[in-house]
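Good morning, and thank you for coming.

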Amino acid sequence: MSIVTSGPAVSSRALGVLLDSWRASSSPGYAALADRIRLLVLDGRLSVGTRLPSERDLATHLGVSRTTVAAAYAALRDAGHVTSLRGSGSVVRLPDQAKVRSTRPAAEGDVLDFTKAAMPAVGGIAEAAQRAAGRLGAYLSEPGYDTVGRPVLREAIAARYRARGLETSADQIVVTLGAQHAIALLARVLVGRGDRAVVETPGYPHAFEALRAAGARLAPVSVTVDEGWDESALLQTLRRTSPPVAYLMPDFHNPTGATMPEAQRVRVLEAAADEGTIVIADETMAELVVGGPRGASFPGAGAGAGAGAGAGTSAGAAARPLPMAAYGPAVTIGSVGKSLWGGLRIGWIRAERPLVERLVRARSAGDLGTPVLEQLIVADLLGDMDGVLEARSRQLRHGRDRLVAGLRSAFPGWSVPSPAGGLTTWVGLGAPVSSQLVLAARRHGLLLAAGPMFGVDGAFERFLRVPYSYPDDETDRALAALAAAWDGIDGVQAPRGALMAEVV
């Protein structure tokens, strides 16, 4: 996620925010500073081509000597993450492959990429593709450009909403190139330059990026594992700024795993309607129910939520809230990237017909439609979505229990939630060392997203997002790499239990 908001340069102040807690290391100052900037480049918070502040300006802002900043920039140049040209300053770049390889384990297969919260493909995709290919001939006489979606898929998506308790017709659906495309399209249509956009923090970094690209100024509202949404702050922000949009993830929020209670959904939507704010509800995680121990329902569901809520869904359906739009005016986003496979780039927007028409008119400026074959594959697979979700629930429950038990055993000083749904746990580290830990983990072959990735302004150094959607052997390797990294970072003294002693 790029943090540059105006032009190709990042100011000393903006960079200083993202460098929060960089001095926690006992390494020499220049090395600690270089390491933190390198992580900002590696995880995308400083985009390629961004011009860094001058040595003098950054030194003044950070309260260090110019020699320290100069040595840090020199180290970054040597590692290939910065290039410096006379008259152009120091510019962020990606290192060439030789230098990338020198910072990773010898074998590429030794690198575990846990930056993605995703699952392997569900069974049956190849067979569905063969069936879809057999039906493709019926569409070959058409031009093939499809900015709204094939009727067969739009109806299948609408039927899925109806099964979840929300009456929906096919003409309320726009098929997109995944959920990220849906967010970007909505931002482009609904947000003007300089407008406010309410977002959750921590939250989904690519949504921040899409809203900023549309010109929005982000107004963050807190979400926590224990308390969920700061409702008072959310309602006050809506009333104070009257933003055109509020982007929320009410079901198994990424990254905290929180679920918004029914009564709170009603209050938020009423307040948004009063201000003319369109709530964009990202429901990409909504059907990934994991469940609690011994069948306990997930937190956040109000009494009586089971009346039609989640009909036809997997574990925990009796306690699940309805889709956000069942409680008031809301636009919803969904996709199959989390449930079926990330390689199927199919998402959608559910909205009222006037907005659907605006979205379709605006879309051609950015793309000319969604591939027909992929739409036919997804339409085929949605016919057995209940079975898919049941299998995913078992998979995720096993992965969550294994990861959570392993983390709690190895790191008793950490706070490790056991979410009732979604793909990740938002771990409290007990110290502001997330970036330090992520850098150390890279040296042990494990790639993770540092906590500040999910903040608007570089916060959350005390947190780490860890996915539990990976196979057992990779989870175990990740736990071992985390243990080695934790033992190797500076300034942290915390007892650890026997690694994997209690892993299920």
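Is W426 buried or exposed? At 3% relative accessibility, W426 counts as buried, where buried means under 20% relative accessible area, exposed over 50%, and partly exposed in between, for a 1.4 Å probe and protein chains only.

A word on the source is needed. This is a predicted model, in which local features need pLDDT of at least 70 and side-chain atom pairs count only at pLDDT 80 or more, while totals for chains, interfaces and linings use all residues. Residues are numbered from 1 along each chain as its sequence is written, and side-chain values use heavy atoms, with hydrogens and water left out.

Now the overall picture. The protein has 16 helices and 14 strands; these are DSSP runs numbered from the N terminus, helices being H or I of at least four residues and strands E of at least two. Of the 504 residues in the protein, 54% are buried. Contact means heavy atoms within 4.5 Å, and of the contacts with a separation of 6 or more, 73% are between residues 24 or more positions apart.

Let me turn to the aromatic rings. Rings of Phe, Tyr and Trp (its six-membered ring) pair if their centres lie within 6.5 Å; planes under 30 degrees apart count as stacked, over 60 as edge-to-face and the rest as tilted. By this rule there are eight aromatic pairs. One of them is the edge-to-face pair of W426 and F460, with 5.9 Å from centre to centre and 65 degrees between the planes. This pair links distant parts of the chain: W426 lies in strand β12 (residues 424-428), and F460, 34 residues apart from it, lies in the loop between β13 (446-447) and β14 (463-467). F460 also forms an edge-to-face pair with F463, at 6.2 Å centre to centre and 65 degrees between the planes. F463 counts as partly exposed because its relative accessibility is 28%. Ring pairs join W426, F454, F460 and F463 into a cluster.

Next, helix α2 (residues 29-42), which contains R38. Why does R38 count as buried? The reason is its relative accessibility of 15%. Leaving aside neighbours within four places in sequence, R38 is in contact with L76, H81, L439 and R443.

The buried residues of α11 are E262, Q264, R265, V268, L269, A271 and A272. They pack against β7 (228-229), α10 (231-241), β8 (245-248) and β9 (278-282). Just after α11, G276 takes a positive phi of about 75 degrees.

Finally, the spaces. On a 1 Å grid over the protein atoms alone, a cavity is a set of points where a 1.4 Å probe fits but cannot get out, and a pocket is an open set with protein on both sides within 12 Å along at least five of seven lines; lining residues have an atom within 4 Å of a point. Grid points are joined across faces, edges and corners, and a volume is the space filled by probe spheres set on the points.

How many cavities of 30 Å³ or more does the whole structure hold? The search finds two. The largest cavity has a volume of about 210 Å³. Its lining has 20 residues, with R164, E283, E287, S335 and W348 nearest the centre. The largest pocket holds about 820 Å³ of space. Among its 34 lining residues, T115, K116, Y204, H206 and K338 are the closest to its centre.
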